[in-house]
Amino acid sequence: MSYSIGVDVGGTKVLGGVVDSQGKVHAHARRDTPREGGADLNQAIADVALELISQFDVDCVGVSAAGFVSSDRKTMLATPNIAQWNGVNLEKEIGGRINRPVVIENDANSAAWGEAKFGAGRGEDHVILLTIGTGIGGGIVIDGALQRGAHGIAAEFGHMRVVPEGHLCGCGQRGCFEQYASGNALLRHAREAINASPEIARNLLSLGDGSVSGLSGKHITDAARMGDAVALAAFNTTAQWLGAGIASLSVLLDPRCVIIGGGVIDAGEILLAPTREAVERYMPFSGKHPSPRIVAAELGNEAGLVGVADLARYRIAPSSSV
Ligand SMILES: [Zn+2]
């Protein structure tokens, strides 16, 4: 059995796992993410890798993190959340310490590869992953190959403009998809419904601290499971936007499978069922061609770790995988 290590660098923890060529995770190691980033973070990643290398015969190490990665997959060019890590060459900083090749990949691409190859998209060659949390990220696999684009920013689905002069987005533009179809958008839709008719929202608000601002995505999911009309309406509105976006992506990329991941998918069919209906409703030439399957992600928080471990293996020996 061939083993590689995937290391997922998150905001609070650095989580590593030993992954075999079938995508199965055999052991974990973790450290807290050093707030100082930079050299301390490199050390934490090396420590996680060394702990696992002492237990398994490992070929290579993949590191998954948010940000833009160089085309040779060795350098983090720009990361939004980690201090002193821009321009750091991980192969140089870590590879020597652990005596293994090191590859870095964007976290959304890593998760997309994990889900496409070993999760909800296994067996399919044309897969899109939409990760729906506070924003919307994702990845594209076409013909069994991860699509990074010319400059590494492919699949930034959340920033497709869907409403002219719509809500302001963190990217500096207005009307981006994630302002309407993300977890934050779910909250916005719920708050708007409550502000329009406060008397119908007593049940939903009672799950939080009673205030509209105290409402969380989990409260809305819990309320929707209880059949709460306001919560279900917020999910339905989110699903309409999501379905319209997926219909557009489908005529662009023609996936066989669209996987929905991220925190919002905890709601399961409460989100998926109206999304599937909306995809059909908004699909160009609807009914005249097959539509993609819309399914929930299966690997949860492990998707990035599993995906980047496999991408590292592929990078080291291109003929051995994919
Ligand atoms: Zn945006």
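Author: Four donors count as tetrahedral if all angles lie between 85 and 135 degrees. The model discussed here is predicted.

Reader: Which arrangement do the four donor atoms around the zinc ion adopt?
Author: The zinc ion is coordinated by His159 through ND1 and by Cys169, Cys171 and Cys176 through SG, at 2.1 to 2.4 Å. The angles subtended by the four donor atoms are 104 to 124 degrees. All angles must lie between 85 and 135 degrees, and the arrangement around the zinc ion is therefore tetrahedral.

Reader: How are the donor residues of the zinc ion spaced in sequence?
Author: The donors are His159, Cys169, Cys171 and Cys176. Written as a pattern, their spacing in sequence is H-x9-C-x1-C-x4-C.

Reader: How many residues apart in sequence are the parts tied together by histidine 159 and cysteine 171?
Author: Both histidine 159 and cysteine 171 lie in the loop between β11 (145-146) and α4 (178-181). The pair therefore ties together parts whose separation in sequence is twelve residues.

Reader: Is cysteine 176 buried or exposed?
Author: Buried means under 20% relative accessible area. Cysteine 169 is buried, with a relative accessible area of 6%. For cysteine 176 the relative accessible area is 1%, so this residue is buried.

Reader: How many disulfides are counted?
Author: A disulfide is a covalent bond between the sulfur atoms of two cysteines. The criterion is a pair of cysteine sulfur atoms within 2.5 Å. By this rule the number of disulfides is zero.

Reader: Which residues make the nonpolar surface patch of about 280 Å²?
Author: One member, isoleucine 153, lies in the loop between β11 and α4. At 48% relative accessibility, isoleucine 153 counts as partly exposed. The patch of about 280 Å² is made by Phe68, Leu77 and Ile153.

Reader: How many residues apart are glutamate 51 and arginine 31?
Author: The side chains of these two residues meet in a salt bridge, with an N to O distance of 2.9 Å. The pair links distant parts of the chain, glutamate 51 being in helix α1 (residues 38-53) and arginine 31 in strand β3 (residues 25-32), at a separation of 20 residues.

Reader: Is glutamate 105 buried or exposed?
Author: Glutamate 105 meets arginine 148 in a salt bridge at 2.7 Å, N to O. This pair links distant parts of the chain, with glutamate 105 in strand β8 (residues 102-106) and arginine 148 in the loop between β11 and α4, 43 residues apart. Arginine 148 counts as partly exposed at 21% relative accessibility. Glutamate 105 has a relative accessible area of 2%, so this residue is buried.

Reader: Does arginine 256 count as buried or exposed?
Author: Arginine 256 forms a salt bridge with glutamate 124, their closest N and O atoms being 3.5 Å apart. The two lie 132 residues apart, arginine 256 in the loop between α8 (229-253) and β12 (257-261) and glutamate 124 in the loop between α3 (107-118) and β9 (127-132). Glutamate 124 counts as buried at 18% relative accessibility. At 54% relative accessibility, arginine 256 counts as exposed.

Reader: How many salt bridges are counted?
Author: The criterion is a side-chain nitrogen of Lys or Arg within 4 Å of a carboxyl oxygen of Asp or Glu. By this rule the number of salt bridges is 13.

How values were computed
Residues numbered from 1 in each chain as written. Predicted model: local features only at pLDDT ≥ 70, side-chain atom pairs only at ≥ 80, totals over all residues. Heavy atoms only, no water. Donors = N, O, S within 2.8 Å, 3.2 Å for Na, K, Ca; no water. Tetrahedral: all angles 85-135°; square planar, octahedral: opposite > 155°, others 65-115°. Helix = DSSP H or I, 4+ residues; strand = E, 2+ residues; numbered from the N terminus. Patch = residues over 30% accessible without salt bridge, like charges linked within 9 Å, V, L, I, M, F, W, Y side chains within 5 Å. Areas by Shrake-Rupley, 256 points an atom, 1.4 Å probe, with all protein chains shown as cover. Buried < 20%, exposed > 50% of the residue type's maximum accessible area, 1.4 Å probe, protein only.
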